Amino acid sequence: MSDVNPFESLQEQVDDAAAHLDVGDDVIDRLKHPERVLELNLSVELDDGTVERFKAFRSQFNGDRGPYKGGIRYHPGVTRDEVKALSGWMAYKCAIVDIPYGGGKGGIVVDPDEYSTDELERVTRSFATELRPLIGPDRDIPAPDVNTGQREMNWIKDTYETLEHTTAPGVITGKAISSGGSAGRVEATGRSTMIAAREAFEYLGGDISEATVAVQGYGNAGSIAAYLLEDLGATVVAVSDSSGGVYDPDGLDARAVKAHKNETGSVTGYGDTEACTNEELLTLDVDLLVPAALENAIDGDLAEEVEADVIAEAANGPLTPAADDVLTDRDVLVIPDILANAGGVTVSYFEWVQNRQRFAWTESRVNEELESVITSAFGDLVDAYESHDLPNFRTAAYVVAIQRIVDAYSESGNWP
Ligand code: NAD
């Protein structure tokens, strides 16, 4: 894994696209920095009565198109720059799928495996208390990310509503259905990865049902992408998590691997499979590679070894800019994160719409609307790619997204 600064990667991606747009440098500069970043030191009592300090961040990158929107990550490797980068990717992601949000992101430097449920609840409620003045259904709407899910979202909603003396389910998305969550939200990120990969294979004249697939990272995004691709007929031959990977050239059973991980904590040791390292998985000779873990999984050197024809970025920022250059030169089609994993935020948007309407949609309606958003964004990306003669799909996605944000900004005028 490379140690490239993800915030610098984001800025480079914006610069690459800006070179193809007729937009002033001053406006582009504005789109390379968050509007504000909150940095916190949370003091939280542990079960043994001692107090521990947890560093936490919330970055609000850009609000030109609507309230800031983005997940909250719990991980020991969270940094200020990582959160800033993730908040920027959210702004561009919401723009490419054309939903009325800006970008935000949060994180706490914590390894959740080291703390009890009660301790994690206190950490989460402490963070929510500090966030309260900044968030709200029309201001900033957090959501799940790595190591957070419905449980943490429900705690944040409850804290916010208690402090505000109101009910406001739209303050956060990714909630349990019983607390105002949406059908289809848990599957949404994996679903958009599947849809985007299917569209890319069709664009290339191939057929996803005949594809072999390797998936790095077997959490929410990766495992669901794997079994939805399998449902289309693709053969998932390798998957991994932070403990290692498993490989079977004849194909795994993606749901059974997930059940094994739920039971044992890891995909390793599943069935009659060969063990493989993450590096081996990323360089397997497969048709489709799905990085679904963390940033910087593939750097320039590793990109030289990648054998896949298509990469669908379920994770945010899994390729360094150097890897992007190598893969562009090698004609590997990369479906950028801001489109491939946009299902999560799109169904979060549907959840927020349902919360405002106080009217729940069926799962089939959610999936149909998601299908339409992702295929139409894919079409916009391809139009830009072909009409501007752009070097790759990532630049095309940013060209479309930047233009939409710039249009919203320029139409609003400047506050003196
Ligand atoms: P998760 O916590 O559910 O899963 C992460 C998985 O990655 C785990 O299986 C973990 O073991 C594995 N992992 C961690 N480090 C690894 C390594 N070095 N090598 C291999 N595997 C490793 O998280 P998630 O929600 O699935 O998020 C994964 C990625 O998808 C992140 O980049 C996240 O930002 C992105 N994403 C998630 C959502 C969402 O709705 N959950 C939406 C958009 C983007």
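Buried here means under 20% relative accessible area, exposed means over 50%, and partly exposed is anything in between (1.4 Å probe, protein chains only). This is a predicted model, so local features need pLDDT of at least 70 and side-chain atom pairs count only at pLDDT 80 or more, while totals for chains, interfaces and linings use all residues. Residues are numbered from 1 along each chain as its sequence is written, and side-chain values use heavy atoms, leaving out hydrogens and water.

**Helix α7**

- Helices (H or I, at least four residues) and strands (E, at least two) are DSSP runs, numbered from the N terminus.
- With 12 residues (220-231), α7 should span 16 Å at 1.5 Å a residue, and its end C-alpha atoms agree, sitting 17 Å apart; the expected span is 1.5 Å times one less than the number of residues.
- Of those 12 residues, 10 are buried, so α7 is largely enclosed by the rest of the structure.
- The buried residues of α7, among them Ile 224, Tyr 227 and Leu 228, pack against α6 (185-203), β6 (212-216), β7 (235-241), α8 (254-264) and β10 (288-291).
- The axes of α7 and α8 come within 8 Å and cross at roughly 155 degrees; axes are lines fitted to C-alpha atoms, for helices over the stretch in contact, with angles from 0 to 180 degrees between N-to-C directions.
- That crossing makes α7 roughly antiparallel to α8, a label for angles over 145 degrees.
- Ser 223, Ala 226, Tyr 227, Glu 230 and Asp 231 of α7 meet Ala 254, Arg 255 and Lys 258 of α8, where contact means heavy atoms within 4.5 Å.

**Salt bridges**

- The whole structure has 28 salt bridges, each a side-chain nitrogen of Lys or Arg within 4 Å of a carboxyl oxygen of Asp or Glu.
- Asp 145 pairs with Arg 73, the closest N and O atoms being 2.6 Å apart.
- Asp 145 is in the loop between β5 (140-144) and α5 (150-164) and Arg 73 is in strand β3 (68-75), so the pair ties together parts 72 residues apart in sequence.
- Asp 145 is buried at 17% relative accessible area, and Arg 73 is buried at 3%.
- Arg 73 and Asp 145 also belong to a salt-bridge network with Glu 82, Lys 105 and Glu 295.
- Glu 164 bridges to Arg 132, with closest N and O atoms 2.9 Å apart.
- Glu 164 sits in helix α5 and Arg 132 in the loop between α4 and β5, 32 residues apart.
- Glu 164 is partly exposed at 31%, and Arg 132 is partly exposed at 28%.

Key: Angles under 35 degrees count as roughly parallel, over 145 as roughly antiparallel, 65 to 115 as roughly perpendicular and the rest as oblique.
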